[in-house]
Amino acid sequence: MPTTSARLLALLSLLQARRDWPGALLAARLEVSPRTVRRDVDRLRELGYPIRATKGPDGGYRLDAGAELPPLLFDDEQAVALAVALQLAVTSGAGIEEAAARALSTVRQVMPARLRHRVDALRVTAVERRGSRPCPQVEPAVLVMLGAAVHAREELRFDYTVPSRSVPADVSPPRRVQPHHLVTWGGRWYLVAWDLDRDDWRTFRADRISPRPPAGPRFTPRQLPGGDVATFVAQRFGGSAGPDRWPCSGEMIVDLPAAFVSQYSQDGIVEELGPNRCRLVVGSWSWPSLAATVGRFDADIEVLGPPELADAFATLARRYARAAAGQRGEAPTHGRIVPTGGRGAGDEPDTGR
């Protein structure tokens, strides 16, 4: 039979895994008697865990939320996932960077060496695009209030500050909305809501929202245009993000640091593979244009796909070789997409907003 301390940890892990546990099932899982389970539950209560006994034919136990946060128990994968999530919190724009750093330090200190090494080997660095404006921070209390209204399906009133607005926010009427989703897009937080006064869907930047509690009456959720929030937000912002918006998109490995490549890839996706090596997914209006765009990096390039991109590099290589020798080649007659506008690969499109 395991020691009392080991059995208590096992019991706590089971109580955290599901809401209700029949006493007989707990006893069977722990291979002890129901009486021993009752004694162990009393010990956990003494340690501050709010465990409530449930009545009924399958009477058992439930771990409730308490006034204070007792010690928690995580398995290896949960602990690593928590540490990674805390590192990513720095890039969330939620104004919790300092708290996340302290929480990460606390979690790391109590990790066994095998997990601490895994976490230390994974360092997440936030790299902003060159020329991009810093994303505004949102007060955590505002995010919590918005998230609570979304979860409870309760109408919300708030003041909304827009720098270009002609009427000051302190004299304009508050917005009345039915909040449906709290999302992040391009490093900013947005509230997707049905505007009751304008009788239409709206997206509000969370950093410009000043809630006016208390919340209003509950409402029945509406169907979002497009069917889901991801499609709706992409359409609302013009669908202009990511390499998939281009007719030609390719993947390659560039022998340069990810932080450097990300400065010039604009809407490309950059993944760090090493100190001087990264994976780049980027798009353009034609395969030769895409190859030429990536060729501006003074580094070796390995094409991962598709074959059309590798063919475009071969075409440019022959074309450049002829140009270096002072020769003239024939104009291409196939595999060519003529751009309809004046922008090149990676330029931001005119979304009409």
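**Close-up A. Arg 212, a partly exposed residue, and its salt-bridge partner Asp 159**. Arg 212 has a relative accessible area of 29% and is partly exposed, whereas Asp 159, at 18%, counts as buried (buried is under 20% relative accessible area, exposed over 50% and partly exposed in between, with a 1.4 Å probe and protein chains only). The model is predicted: local features need pLDDT of at least 70, side-chain atom pairs count only at pLDDT 80 or more, and totals for chains, interfaces and linings use all residues. Residues are numbered from 1 along each chain as its sequence is written, and side-chain values use heavy atoms, leaving out hydrogens and water. A salt bridge (a side-chain nitrogen of Lys or Arg within 4 Å of a carboxyl oxygen of Asp or Glu) joins the side chains of Asp 159 and Arg 212 at 3.1 Å, N to O. Asp 159 belongs to strand E4 (residues 156–160) and Arg 212 to the loop between strand E8 (209–211) and helix H8 (229–236), so this pair ties together parts that are 53 residues apart in sequence. Helices (H or I, at least four residues) and strands (E, at least two) are DSSP runs, numbered from the N terminus.

**Close-up B. Asp 195 with Arg 175 and Arg 198**. The side chains of Arg 175 and Asp 195 meet in a salt bridge of 2.8 Å, N to O. Because Arg 175 lies in strand E5 (residues 175–185) and Asp 195 in strand E6 (residues 188–195), the pair ties together parts 20 residues apart in sequence. Both residues are buried, Arg 175 at 11% relative accessible area and Asp 195 at 0%. Asp 195 also forms a salt bridge with Arg 198, the closest N and O atoms being 3.4 Å apart; Arg 198 is partly exposed, at 41%.

**Close-up C. A network of Arg 7, Asp 40 and Arg 43**. Salt bridges that share partners join these three residues. The structure holds 12 salt bridges.

Close-up D. E2 and strand E3 (residues 60–63) are joined by 4 bridges, and Arg 52 stands opposite Arg 62 in E3.

Terms used: Pairing = 2+ DSSP bridges.
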